Structure formats: structure tokens, C-alpha cells
Amino acid sequence: MKIVIDTDPGQDDAVAILLALASPEIEVLGLTAVAGNVPLELTARNARIVCELANRRDIPVFAGASRPLLRPLVTAEHVHGRTGLDGPDLPDPTMALQDAHAVDFLIDTLRREPAGTVTLVPIGPLTNIALALRLAPDIAPRIARIVLMGGAYFEVGNITPTAEFNIYVDPEAAAAVFGAGVPLTVLPLDATHKALVTRPRAEAFAALGTPVGRAVAQMTSFSERFDLAKYGSDGAPLHDPCTVAWLLAPELFSGREVNVAVETASPLTLGMTVADWWGVTDRAPNALFIGDLDADGFFSLLTERLGRLPA
Ligand code: BDR
Ligand code: CA
């Protein structure tokens with residue numbers, strides 16, 4: 001399966017990228033960077049650092065939008081550190097950024113590849129995806145599916161009481177993507193807050209004994225500093241790799257086809273993903289909204305796959 005990962009690395013983005021690169025079922029056509037956890041210059045840099053960690057300098061990396069469609073950028077250094085990838089000590093990238101803009105790459109790729117063969121995996125704010133759909137509406141029916149990390153419903157918000165970070169940063173972009181008529185799978189906090197990196201799971205990454213295993217253990221323990229204090233849980237959630245894991249092993253997840261609408265007006269609930277879980281409106285379903293996952297199955301899959309990356 002061919003995918004493009006749209007990303008704002010981010011330690012959990014890095015793990016999602018590594019999982020995709022480690023999985024033979026998946027062909028990563030490129031990485032498109034977007035501003036989110038940290039500004040674009042850093043997310044475009046971090047995406048290349050991750051490719052080099054996996055020894056995949058052949059993966060093209062494109063820089064995209066440096067700010068949301070309408071609003072000033074909100075970042076999350078308080079979670080991810082100053083670089084966005086704090087934790088491991090990884091070298092500066094030597095591979096070049098591609099000249100083309102990420103949005104042009106998305107459009108060209110979807111027009112070039114046979115319709116229905118390319119899946120988009122957005123794991124940051126949805127600005128690049130919304131821009132591509134706006135500039136080239138003809139690509140919408142060509143997208144096999146969008147599998148995104150974002151939103152929350154029963155689990156409520158992580159950046160405001162009602163909004164999850166990726167949707168909150170660019171709610172207008174999210175509303176455009178949820179309204180585009182493309183098949184959608186949504187991995188919200190409801191699911192990702194169950195993917196907790198407990199101590200034994202972090203030790204299993206380190207025990208791989210490879211540069212990737214060590215780096216992932218260091219990245220996840222960096223995230224833990226913030227998340228443990230915030231949630232009081234026994235490990236930090238590993239959000240973004242849930243998207244790639246759903247592509248590889250959907251049987252590890254359960255959810256419902258529901259209508260999801262994004263709040264773009266209310267100052268109180270801006271960026272909330274209003275999921276009609278109980279079917280109390282006549283709004284047509286537009287997304288498979290995941291509510292639960294088999295956390296042990298997810299971590300065994302992830303650890304086994306990361307172990308395949310070069311020693
Ligand atoms: C999402 O926000 C970012 O901080 C993470 O990388 C993830 O994509 C979780 O709310
Ligand atoms: Ca992310």
C-alpha cells in the first residue's frame with residue numbers, strides 16, 4: 001500500500017514514520033512537513049533526521065505550510081521540547097529537503113498514481129491536506145483513504161478542555177478535510193490515550209539494542225516527563241503510530257462509522273470534534289471514529305517492526 005505521511009515531528013510522529021518505514025506492506029512515497037508541534041523549519045528538519053535514523057535517505061521530504069489557514073500558529077514545545085524531537089541526541093540531517101512545495105507534491109502524486117491507490121496519513125494539523133484539496137478538488141476522489149490522528153470525543157481535549165491539538169491548531173483545515181467526502185479513519189485521543197508507553201514497553205524498545213530502539217526509548221521517555229505529570233497515568237500516550245498500526249492491523253482497533261463535525265466558531269469549544277456517537281442527528285456518517293485499541297497487540301506489533309530497522 002502506498003502512503004504519504006503528513007507530519008509535524010514530534011517524538012510520536014517520529015515513531016509513526018519509523019513504523020511505516022519498517023513495514024514491508026507499506027511503501028512511503030514521501031513525507032510532507034507541516035507547522036505544528038514546532039515551526040515548519042524544525043518539522044522539516046526532524047522529518048529528515050528520522051529518515052536518516054532509519055537509513056532511508058531515499059525518502060523525499062517536502063516542506064509545506066508554515067502556518068494554519070486563518071490563524072496564528074500554536075506550538076507545543078511544552079510537550080515535545082525546543083527542537084520538537086528532544087530526548088535522543090541525533091545528528092543534524094545531511095539529506096536535502098526537496099525543492100517542491102509539499103502541497104504540490106501531494107497534488108502531483110495523487111494525479112500521477114492510479115486513482116484509489118494512495119492513502120494519506122496526516123499526523124499533524126491538517127493545513128497541507130486542506131490546501132491540496134482546495135487547490136485541486138479533482139484529487140479528492142483519487143485518495144484511497146485519509147487515516148489521521150486527531151480529535152477526541154469521550155476523552156475530551158488535551159490542548160483545551162474540548163479540543164485535541166492537531167484539530168485545534170487549524171480547525172478550518174480540519175473542517176475542510178472532514179467535509180471532503182473522502183473515506184476517513186480517525187484515531188482520536190479516545191483510542192490513543194490507551195496506547196500508553198509503560199515502563200516494560202519502553203524497556204522493550206531499548207532492549208532491541210539498535211540505534212532505532214534506543215532512540216525510540218529516549219524519545220518516549222522524554223514525552224513521559226510532561227504526560228505523566230498531566231494525566232497521572234502509568235505511561236505517556238503514543239498517539240501518531242496508531243494511524244500506521246491501523247493500516248497494518250485494523251483488527252487491533254474498534255470504532256464506529258459516525259458523523260464528525262469540527263467546531264470553527266465558538267471561542268469556548270474551538271477545534272472540538274463533535275462525533276455523533278449515538279446517532280442522534282440525521283447527519284450522514286463521514287468517518288470511522290476509533291474508540292478503542294488492543295494496547296498489548298499494538299505494542300507487540302510496533303516493537304517487532306522497529307526491530308527490523310537496521311542495526
Ligand atoms: C497530537 O499532537 C501532537 O502533539 C502529537 O504529535 C500528536 O500528533 C496529539 O494530540
Ligand atoms: Ca503529530
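User: Which helices each supply at least two residues of the shell around ligand 1?

Analyst: Those are helix 1 (11-21) and helix 6 (165-169). Helices here are DSSP runs of H or I with at least four residues, strands are runs of E with at least two, and both are numbered from the N terminus. Keep in mind that this is a predicted model: local features need pLDDT of at least 70, side-chain atom pairs count only at pLDDT 80 or more, and totals for chains, interfaces and linings use all residues. Residues are numbered from 1 along each chain as written, chains are lettered from A and ligands numbered from 1 in the order written, and side-chain values use heavy atoms, without hydrogens and water.

User: What surrounds ligand 1?

Analyst: The shell includes Asp12, Asn37, His80, Phe165 and Asp240. A residue gets in if one of its heavy atoms lies within 4 Å of the ligand. By class, the shell has three nonpolar, five polar and four charged residues.

User: What makes the pairing of Asp12 with ligand 1 a polar contact?

Analyst: The term needs a pair of N or O atoms within 3.5 Å. A polar side-chain atom of Asp12 lies 2.6 Å from an oxygen atom of ligand 1, so the pair qualifies. His80 comes in at 2.8 Å and Asp240 at 2.7 Å. Taken alone, ligand 1 exposes 280 Å², and the protein buries 96% of that.

User: Which residues coordinate the calcium ion (ligand 2)?

Analyst: Asp8, Asp13, Asp240 (each through OD) and Ile123 (through O) do, at 2.2 to 2.6 Å. Donors are N, O and S atoms within 2.8 Å of the metal, or 3.2 Å for Na, K and Ca, so these atoms count. Water isn't among the atoms, so sites may look incomplete.

User: Why does the pair Asp8 and Ile123 tie together parts of the chain?

Analyst: Asp8 sits in the loop between strand 1 and helix 1, and Ile123 in the loop between strand 4 and helix 5, so the pair links parts that are 115 residues apart in sequence.

User: Why is Ala191 called buried?

Analyst: Buried means under 20% relative accessible area, exposed means over 50%, and partly exposed is in between (1.4 Å probe, protein chains only). Ala191 has 0%, so it is buried. Ala191 lies in helix 8 (residues 189-192). Leaving out residues up to four places away in sequence, Ala191 touches Ile290, Gly291, Asp292 and Leu293, where contact means heavy atoms within 4.5 Å.

Technical notes: Polar contact = N/O pair within 3.5 Å; in protein donor to acceptor, adjacent residues only side chain to side chain. Areas by Shrake-Rupley, 256 points an atom, 1.4 Å probe, with all protein chains shown as cover. Nonpolar A, V, L, I, M, F, W, Y, C, P; charged D, E, K, R; others polar.
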